[in-house]
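Hi,

Here is the structure I said I would pass on. Have a look, and then read on for what turned up in it.

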Amino acid sequence: MTAKYLTLQNVEKLRALQLSIELLKEIGMIVEVLPFEESQMKDQLQRSATSIVQNIAKGEQLYLRQKFNLYSDAIGSAQETKSWLMTCNGKGLISEGEFLTLDSMIDSIIKMLNRILENLKINNSSVSLPIPVVQNVRTLPCVQTAQRLVKELYELQCISHGEWYSYILKQMVTSASNIASHASESEQLYPKKKLAFLNLAIQESNVVKAYLNLMMSKGIYDREKYEEIKEMIEEIQYLLIQGMKQIDTEIKVLM
């Protein structure tokens with residue numbers, strides 16, 4: 001018989017929380033030295049890393065389903081943080097060594113949360129709960145391609161095109177970064193949340209595509225570069241749509 005309430009633990013002793021706070025401190029030091037023009041990167045890193053801590057802390061409560069929900073959000077925020085760190089690394093804003101250290105910390109946090117949820121699911125088998133299994137977003141083709149797109153657009157942004165077109169290029173880099181971020185955050189437990197984040201990624205991919213056509217019409221990109229970037233966007237959109245279709249199928253099976 002399923003217990004009505006969970007046993008409340010001392011949140012300060014949770015290793016996943018302790019490690020997430022260590023991660024937040026490390027990211028805080030990185031944010032302090034990021035260039036002024038990387039304001040979006042600063043905000044997103046701080047927000048996502050803070051969200052990990054908050055959701056783990058809130059997850060230590062009495063209600064089983066709410067605990068699963070909050071830990072799923074923590075996992076999603078951890079995946080998003082990993083994506084922003086990948087973007088930082090791709091732009092050369094942090095070293096490969098710094099990235100790998102933080103990436104390892106994030107992997108450990110996710111594994112700890114999954115282990116807690118696995119035990120809860122086993123001990124409460126009569127309750128319908130999601131399977132606590134997620135993939136490493138560094139291995140996801142969609143995220144990999146989105147990160148390549150960010151790097152490609154960022155390199156073009158660094159070339160002087162005049163104030164107006166430099167602004168548009170910056171918006172393209174922002175949207176491409178958001179594609180990677182949303183696709184990464186979709187890698188959590190609940191299907192409806194997965195679908196929501198994948199759909200956000202599709203929206204951002206269309207923003208990049210719209211700006212790309214503008215750049216082509218004004219001669220900022222030559223035909224070869226235009227086709228290269230367009231191909232990346234179309235590959236990303238295909239992978240996102242396929243991912244959404246797969247999740248829809250899984251939802252129908254569970255109904």
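Let's start with Glu 118, which is partly exposed at a relative accessible area of 37% (buried is under 20%, exposed over 50%, partly exposed in between, with a 1.4 Å probe and protein chains only). Before going further: this is a predicted model, where local features need pLDDT of at least 70, side-chain atom pairs count only at pLDDT 80 or more, and totals for chains, interfaces and linings use all residues. Residues are numbered from 1 along each chain as its sequence is written, and side-chain values use heavy atoms, leaving out hydrogens and water.

Glu 118 sits in helix α4, residues 96-123 (helices are DSSP runs of H or I, at least four residues, numbered from the N terminus). Its C-alpha is 41 Å from that of Pro 35, 83 residues away along the chain. The buried residues of α4 include Phe 99, Asp 103, Asn 114 and Leu 120. Among the elements covering them are α1 (15-33), α2 (39-59) and α3 (64-90).

The other thing to look at is a helix pair. Helix α5 (residues 141-157) and helix α6 (residues 163-185) pack at about 165°, axes 9 Å apart; axes are lines fitted to C-alpha atoms over the stretch in contact, and angles run from 0 to 180 degrees between N-to-C directions. The two are therefore roughly antiparallel (over 145 degrees). Residues making the contact (heavy atoms within 4.5 Å) include Leu 149 and Leu 153 of α5 and Val 173 and Ala 176 of α6.

Cheers

Methods
Angles under 35 degrees count as roughly parallel, over 145 as roughly antiparallel, 65 to 115 as roughly perpendicular and the rest as oblique.
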